[in-house]
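Subject: Structure for your files

Hello,

Here is the structure I promised to pass on. My notes on what was found in it follow below.

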Amino acid sequence: AQDLAERDEFEAAALAAGLAPEDYANTSEGRARSEEMGRRAEARAKAELIDGIRPDSLSEDDIARLEFSMVSDFDRDQFAAFAPTAVAGFDRDHFAAFDPTAVAGFGKDHVAAFDPMAVAGFGKDHVAAFDPMAVAGFDDKHIAAFDTAAMAGFKADHVAALDATAIAGLD
């Protein structure tokens, strides 16, 4: 189901750009979206079940109900497999419980869907482990909500991926 939803989103983005999907796939935006879709599809295939449920079938409400101790065992494939809209169910305490190395599974679409107030749960090690391309999903509200100690985890390639609007969150 997630594969079909992503395909539909890809085709809608192509239409919005005034291009056929195959032509859109040749643009930098289309290639990036295709690569992210492929990464998540691979992760869905590899991700272990969570209480007998595929990670990509969990909704925002399902995620919000997860115990903090449970999320500490999630790996990067499970995070990558989540539907981007579902990750809005994670709150500050969930983020604080994550294995720092597992956050590398989140993509730009996941990051953009995070509740801005919840990112305050990330520590320096979490921030340092983010895929630099995923960091591009943060906006000014996300950046403003980060704990100042966690900001030290941002590396040069992370900062380079932020757009000017996101940087404005540092004020």
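The side chains of arginine 7 and glutamate 11 form a salt bridge, with N and O 3.8 Å apart; the term stands for a side-chain nitrogen of Lys or Arg within 4 Å of a carboxyl oxygen of Asp or Glu. Arginine 7 and glutamate 11 lie 4 residues apart in helix α1 (residues 2–16), so about one helical turn separates them. Helices (H or I, at least four residues) and strands (E, at least two) are DSSP runs, numbered from the N terminus.

Please note that this is a predicted model: local features need pLDDT of at least 70, side-chain atom pairs count only at pLDDT 80 or more, and totals for chains, interfaces and linings use all residues. Residues are numbered from 1 along each chain as its sequence is written, and side-chain values use heavy atoms, with hydrogens and water left out.

Arginine 7 also meets aspartate 8 in a salt bridge (3.0 Å, N to O). Arginine 7 is partly exposed at a relative accessible area of 40%, aspartate 8 is partly exposed at 40%, and glutamate 11 is partly exposed at 35%. The classes are buried for under 20% relative accessible area, exposed for over 50%, and partly exposed in between (1.4 Å probe, protein chains only).

The search of the whole structure gave 4 salt bridges. One of them joins arginine 54 to aspartate 56, whose closest N and O atoms are 2.6 Å apart. Here arginine 54 is partly exposed at 44% relative accessibility, whereas aspartate 56 is buried at 12%. Through shared partners, salt bridges link Arg7, Asp8 and Glu11 into one network.

Next, the aromatic rings. A pair of such rings is described by the distance of the centres and the angle of the planes. Rings of Phe, Tyr and Trp (its six-membered ring) pair if their centres lie within 6.5 Å; planes under 30 degrees apart are stacked, over 60 edge-to-face, and the rest tilted. This rule gives 25 aromatic pairs. In one of them, phenylalanine 90 and phenylalanine 98 have ring centres 5.0 Å apart and planes at 85°, so the pair is edge-to-face. Phenylalanine 90 is buried, with a relative accessible area of 1%, and phenylalanine 98 is buried with 3%. For phenylalanine 114 and phenylalanine 122 the centres are 5.9 Å apart and the planes at 50°, so this pair is tilted. Both phenylalanine 114 and phenylalanine 122 are buried.

On the surface, Val159, Ile167 and Leu170 make up a nonpolar patch with about 240 Å² of accessible area together. Accessible areas come from the Shrake-Rupley method with a 1.4 Å probe; for residues, only the protein chains shown count as cover. Patches take residues with over 30% relative accessible area and no salt bridge, joining like charges within 9 Å and nonpolar side chains (Val, Leu, Ile, Met, Phe, Trp, Tyr) within 5 Å. Isoleucine 167 belongs to helix α14 (residues 164–167) and is partly exposed at 34%.

As for the whole chain, the secondary structure comes to 14 helices and 0 strands. The C-alpha trace spans about 45 × 45 × 20 Å along its principal axes. Of the 171 residues, 40% count as buried. The chain exposes about 8600 Å², of which carbon and sulfur atoms supply 52%.

Regards
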